[in-house]
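Here is a short briefing on one protein chain. Keep the sequence and the 3D view open while reading.

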Amino acid sequence: MAELLDLAQSIAERSQGSEQVEAYVTHERDFYVKAFEGEVEAISSAEPRGAGVRLISDGRVGFAYTTDLTEGGLAAVVAQARENASSATPVEAAGMAEPWTDAPEDVSGLVDEDHRRVDPDTKAAFTIELEQATRAIDPRIRTEEAIYSDSDTEVAIATSAGVAGSYRRTDAWCYSVAIAEDGDDTQVAFEFDLARGLGSLDAQTIAERAAQRALSILGAKKIPSARMPVVFDPYTSGQFLGVLAAALTGEAVQKGRSLFAGKIGEQVAAPELSLIDDGRVAGAPGSAPWDAEGVPTRRTAVIEGGTLGSVLYDVTSARREGRASTGNATRAGFKSGPHAAPTNLAFDSTGQS
């Protein structure tokens, strides 16, 4: 990771005058395999590596990216970001992360140390097992596909203001799509799981849940419209949170795209409901020591006892309101700029924040 950090710092040092320059550099090792009817149907691996450069000059923001990490490539990408900034409309609140007084503490559970020792054949065998195990649950079950994928990612960030850091994470995930058939009735369901490495995934458990979910809705019928209590299963709760999450960012609120606009400090939910976003939960999928702008991650009480305490900010949306970023900037990779989004948004069952 030292090499990536050196690259990021060498880019950030190319600022001129009052410019602010941010370099976001990643190196990924990605693997994917798909199984169908007991055989590998598709398999691929890739190793993308590149740098995204954001440059702010007089409030104008330019962004560019490159996979050419030679000296010439780095000079060209900074020049392109500078040219893009010159054509942009000024954004008064545009800014970058404040320099760290102390480096953010590491977050535990980001890496499965066995990850790099798992060979492609083992990953393919796991995927075939997942697909076969799903079909074996019940004669009424067939599969559409079973997927396994993983990544081993190194991330580095540096800014001309003095932010500089790097970390590594491993991720593995899989899912199985089950089709249940009984006469003319056909139902489709799936189950997935994610972990830091293949060793923490259980093909049999995932297969059984996918098949049982499909079987459980055979014969399902619509019910008459009515007002009634509803209990969501974990998957549906996650979908519900996803809808809420889109409305809980500073940008959504500021652009009037959120039902929570202007309601910080107000009661927006039942007193029993608390919603927490915490980017430092050990082993959680969205955890990291710092966000995609280099702001240290933190625990944010979004809704506490039914009252809206905060929305989720990146640097720019926070500056619009004279606030500090909540450490919620994210990006899809080095090819995109940052924007605010949840890290590990969850209902708080403890009643404490």
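The model is predicted. Its largest pocket holds about 540 Å³ of space. Four strands form an open antiparallel sheet. Salt bridges number 26.

**Largest pocket**

- By class, the lining of the largest pocket splits into eleven nonpolar, ten polar and five charged residues.

- Ala-172 has Ala-195 in β7 as its bridge partner.
- Two residues separate β6 and β7 in this hairpin. In the turn, Gly-183 has a positive phi of about 65°.

- Strands β3 (residues 49-57) and β4 (residues 60-66) are antiparallel and share seven bridges.
- Opposite Ser-57 stands Arg-60 in β4.
- This hairpin also has a stated gap: two residues lie between the strands. Asp-58 takes a positive phi near 55°.

**Four-stranded open sheet**

- What is the strand order in the open sheet? The order is β10-β9-β8-β13, with antiparallel pairing.
- β10 (307-308) and β13 (345-347) are the edge strands, each pairing on one side only.
- Inside the order, β8 (residues 275-278) and β9 (residues 299-304) pair in the antiparallel sense over four bridges. Asp-278 stands opposite Arg-299 in β9.
- Strands of a sheet pair through backbone hydrogen bonds, either parallel or antiparallel.
- Helix α5 (residues 234-246) lies across β8 and β13. The helix runs at about 120° to β13.

**Salt bridges**

- How many salt bridges are there? The count comes to 26.
- Glu-154 forms a salt bridge with Arg-29. The closest N and O atoms of the pair are 3.9 Å apart.
- This pair links distant parts of the chain, 125 residues apart. Glu-154 sits in strand β5 and Arg-29 in strand β1.

Key. Residues numbered from 1 in each chain as written. Predicted model: local features only at pLDDT ≥ 70, side-chain atom pairs only at ≥ 80, totals over all residues. Heavy atoms only, no water. 1 Å grid on protein atoms, 1.4 Å probe; cavity = no way out; pocket = protein on both sides within 12 Å on 5 of 7 lines; lining within 4 Å. Points joined across faces, edges and corners; volume = space filled by probe spheres on them. Nonpolar A, V, L, I, M, F, W, Y, C, P; charged D, E, K, R; others polar. Pairing = 2+ DSSP bridges. Contact = heavy atoms within 4.5 Å. Axes fitted to C-alpha atoms, helices over the stretch in contact; angles between N-to-C directions. Salt bridge = Lys/Arg side-chain N within 4 Å of Asp/Glu carboxyl O.
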